[in-house]
Structures are given as structure tokens and as C-alpha cells.
Amino acid sequence: MKLLVIGGGAAGMSAASKAKREKQEIEVNVLESGNFVSYAQCGIPYYLSGVVEKPESLVHYPITEFVENRHIGIMTDKSVDKVNFVEKKIHLKGGQEISYDILVIATGASPRKNQFYGMKNVFFIRSLDGAIEIRKHLHGNNIAIVGDGILGMEIAAELSIHGKSVTMYSKHSSLFPMVDSRITSDMIDYFKKKIEVKLNSLVEDIHENGETLRVTDSNGTILHHDHVIFATGIIPNTKFLEGSGIKIDETGLIVVNDEMKTSIENVYAAGDCATSFNRITGGHEWHPLAQVANKMGRVAGSNIAGKIMHYKGALGTTLVKLFDYEVGFTGLTMEKAIKNGFNPGEIFVQGLSRAKYYPGGSQVKLLMVYDHDTGKILGAQICSKDGGAWRLNTLETAIYSGMDMETLFYNDLGYTPPFSQVWDPIITGASLSMRD
Ligand SMILES: Cc1cc2nc3c(=O)[nH]c(=O)nc-3n(C[C@H](O)[C@H](O)[C@H](O)COP(=O)(O)OP(=O)(O)OC[C@H]3O[C@@H](n4cnc5c(N)ncnc54)[C@H](O)[C@@H]3O)c2cc1C
């Protein structure tokens, strides 16, 4: 049996490795349009800022590990531009065709491009190949970041920490609206001290002006920058499948079931190019996140080898470090809970990360959404300079397992002064909900 995987990222390499590990007799080959497979895209901001010095440090396993030890064929610099599902063949840019018995499509996503794509010193971030190119040119000190989503905020903070002068262009009226402002207010105050923030601002024109870029925004403000980095969203890499007959949703995602099967027999899809679903609502969603991609790939590979696994959905759990702040969210917001027919309540807690007598603590700002009818916790958002990440992941685990607030209250979290208060903000939040 010949398994062909398109895309050597998290999902593709997980699928290839799992299928081969479970069933040695499968012939597995991976086609990758770039020069790297199996690397940490999530480390790219840290490579751009210089925290990570060498691009190779982001590679999980070298190609030789796959070829020599796992007996998986890897073909880099091979871009698939068409698939013929009837003849079971893929077509490569340049003309070559390769046949398969089973296909995994794991082509990920790409930055949303605009009219400035391709201009000198204007960058869009996605791949390690691209990041290497960007770092080669990122010598200027004055950098504009366009887009205040997770990636834009992360890169802005990282570059600022490492000595660049950064301007953030946001189309929103308040910065970083994806997290409730009650949670992020301290972080945003700090961010604005370090980074010049332009709100309600769309970049309308970029002009090369000698060695710098002259940027005009929708308010008529003109600034000069050495580089402009766009972080204005991503789109799934599925254009090459247009007209192929495979089911694709209105946003361009390949529709899969919980076994990662697509609408075409013997064709699987996984990762950022495929649909996911919400663990709580069951609704069809997009979760372009590293762990989700790895798990979807694992499920696809296992099913291909005949060991049936079912993907169980995700909560869209997102964590980001912005300066010293650990910011994250998971599950449903109030708005989404209402839309999905819940009777939600919201608890806002402001507490301390450590016993108040123990040095080094910080504020923890926590928002929890729960259902009045069942008591179940539905969502959480957090921001803290100390232990925000572990608290968010604790809450994610509670939500994922369908825990109610009373059980969360009685949950036996470990306590010691350097790590929390006796009544950690998580327990305080659960306790407050029980008074409702
Ligand atoms: C800068 C950055 C930071 C991130 N940080 C985080 C984070 O902190 N936490 C988190 O959870 N997620 C993060 N993500 C998202 C995470 O990296 C992705 O969700 C994950 O990599 C998706 O894996 P994938 O295998 O679906 O796609 P990818 O890893 O993108 O792999 C897809 C591969 O397919 C190849 N390909 C595409 N089209 C073709 C074609 N036609 N033919 C052949 N090959 C093709 C691509 O070159 C690519 O290597 C980040 C992403 C970026 C870009």
C-alpha cells in the first residue's frame, strides 16, 4: 500500500510517522514544497527576535531521522499543484505525476496576502524558509507590525524586547480585542509604553522611499519604517484542490469527519487545512493550532494503519507571552455561549499568583464562563505575569472533561506559597459561581 502525504509540517509528519509505526509494510512518502519538514513554526517569532539563534534549532527531527530510522521517504522542494482523485494521482509543479493508494492532505495555511506582498522589506510570516529570508534582511531598527491578533502581538512584543522600535497598526478601536479588556488592561498599558500603537488604522499605502518605507494609514498618518510585517490572518492552503471534487467549506477548509476522512474515499486531511469541531458545542470550527494539527495527524495516520482513533474536538486553547505577561483563552466566551443556547454566567476574579508574603508574585486576572443550568465551566481567559499559563491549562482540562464549578471548587490543586495562594483565583472563581 502506497501512502502519500502532502505537507511535511506538524500534521503531515505526525500522520506519516504514526502510519509507518503502526504498519511497517505501508510505503510512506511525504511531499513538501519547502526545504524543511517537522519543525516548530511556533518558534519563528523567537528566531526572528534572536532568542533562537539558528534555524536548525527549530527542527524537531532532521530528515535523516525520517529516512534512515523511520523509513519514510521525504521529497522537499516538491509542490503539488493538482490532485486527480479518480486516477489517484497527484501532479507536481514542473510536471511530474505520482500515484497513491491513500492520500493525506496536510498543507497547512498561509498568510493572507495583499497588494504589498512581494515588496522589498515587506514581510508575511509563515514558514521557516520565509523566516530565514526575513531575518537576513531584518537589519533596520524601526519596524511596523500590521495586525493585533496573536501573532502580530507576539512578534511586536518579541522584537521590542530585543531592542527594535516597533509600531503596531490595528484596525480595531481597542488593542487586542480577542481577549476581554478587563483581563488585558494591565498588559495593554504596558504594551503601549513600549510600542507605539495606532488604533482604527488600516495601512493603505506603502511606498519605497530610499532605504525606508513610507507608510500611509487610513487616518492619513504618514510614518517611515525600515520594515513592515503583516500579521493579518491566514487562509488554508487548499486552492490547488479547487475543482477536484473534494468537499471544501465556504472558508476553504477541507471537510473531515472525526477519523480525518474527507469526502473522497482513501483521502484524509489534517491540520490547519482541515475542519475541526468545538468540543463543547460540536460545531464545525477552525483550530489552526500546533497541538490540534499534531493530534489530527496522529488520528489520520492511525486510521490509515487500521488502528481506529477518533478525534475528539478542541477548545481553541491559545496561549501567548506578551512581554512578561502570560495571556490565554480557552472554550466559549459569553457571547458564544449565548449563541449556542447556554444560560451562561460570568465570573471575573482578580487575585494574587502567590501568597502575599512571598516575593515575586503578580496579579492574576481571570474570567470564567459557566452554565447556570448545569454548573459546567464553558470558557476562561487569563492574564498574569506569574503562572497564567498553568492556570489556563488547568481550566482547559476542567472544561475539556466537562467539569462543573462545584467539582472545580473541590478539585485538589496543589498549594505552596511560591506558586499560589491557598485560595487560588481558580478556586475563588469556582466558589463565587456557587453563590449565584
Ligand atoms: C509564526 C507562527 C507562530 C505560531 N505559534 C503558535 C503557537 O504558539 N501555538 C500554537 O498552538 N500554534 C502556533 N502556530 C500555528 C501552528 O504552527 C500551526 O497550527 C501548525 O504548524 C499547523 O500544522 P500543519 O501541519 O497543519 O501545517 P504546517 O505546519 O504549515 O505544514 C504544512 C506544510 O505543507 C507544505 N505545503 C503547503 N502546500 C503544499 C503543496 N501544495 N505541496 C507540498 N507541500 C505543501 C508547507 O510548506 C508546510 O510545510 C504558529 C504559526 C506560526 C506561523
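**Around Ala19**

Trainee: Leaving aside neighbours within four places in sequence, what is Ala19 in contact with?

Mentor: Ala19 is in contact with Leu3, Ile26, Val28, Gly301, Ile304 and Ala305. Contact means that the two C-beta atoms, placed from the backbone, lie within 7 Å. Residues are numbered from 1 along each chain as its sequence is written. The model is predicted: local features need pLDDT of at least 70, side-chain atom pairs count only at pLDDT 80 or more, and totals for chains, interfaces and linings use all residues.

Trainee: Which element does Ala19 lie in, then?

Mentor: Ala19 lies in helix H1. Helices (H or I, at least four residues) and strands (E, at least two) are DSSP runs, numbered from the N terminus.

Trainee: Is Ala19 buried or exposed?

Mentor: Ala19 has 29 other C-beta atoms within 10 Å, so it counts as buried. The cut-offs are 20 or more other C-beta atoms within 10 Å for buried, 12 or fewer for exposed, and partly exposed in between, with C-beta atoms placed from the backbone.

**Helix H7**

Trainee: How many of the residues of H7 are buried?

Mentor: 12 of the 15, and the helix is mostly covered. Among the buried ones are Val292, Lys295, Arg298, Gly301 and Ile304.

Trainee: And what covers the buried residues of H7?

Mentor: The cover includes strand S1 (2-6), helix H1 (10-22), strand S7 (102-105), strand S18 (267-269) and strand S19 (276-277).

Trainee: What happens just after H7?

Mentor: Gly306 takes a positive phi there, of about 95°.

**The ligand**

Trainee: New topic. Which helices each supply at least two residues of the shell around the ligand?

Mentor: H1, helix H2 (44-49) and H7.

Trainee: And of the 33 residues around the ligand, which come nearest?

Mentor: Gly7, Gly9, Gln41, Gly108 and Gly271. A residue counts as near if its C-beta atom, placed from the backbone, lies within 6 Å of the molecule. The shell divides into 16 nonpolar, 14 polar and 3 charged residues. Here Ala, Val, Leu, Ile, Met, Phe, Trp, Tyr, Cys and Pro count as nonpolar, Asp, Glu, Lys and Arg as charged, and the others, Gly among them, as polar.

Trainee: What about loops? Where is His162 found?

Mentor: His162 is in the loop between helix H5 (150-161) and strand S11 (165-169). It counts as exposed because it has 12 C-beta neighbours inside 10 Å. Leaving aside neighbours within four places in sequence, His162 is in contact with Ser49 and Gly50. His162 and Val51 are 111 residues apart in sequence, with their C-alpha atoms 8.4 Å apart in space.

Trainee: I also flagged Asp77. What is its phi?

Mentor: Positive, about 55°, although Asp77 is not a glycine. It sits in the loop between strand S3 (73-75) and strand S4 (80-84). With 13 other C-beta atoms within 10 Å, Asp77 is partly exposed. Phe323 has a phi near 55°, again positive and again in a residue other than glycine. Phe323 is in the loop between strand S21 (318-322) and strand S22 (325-331).

**The whole chain**

Trainee: Last one: how many helices and strands are there in the protein chain?

Mentor: 11 helices and 25 strands. Buried residues make up 46% of the 436 residues. Of the contacts with a separation of 6 or more, 64% are between residues 24 or more positions apart.
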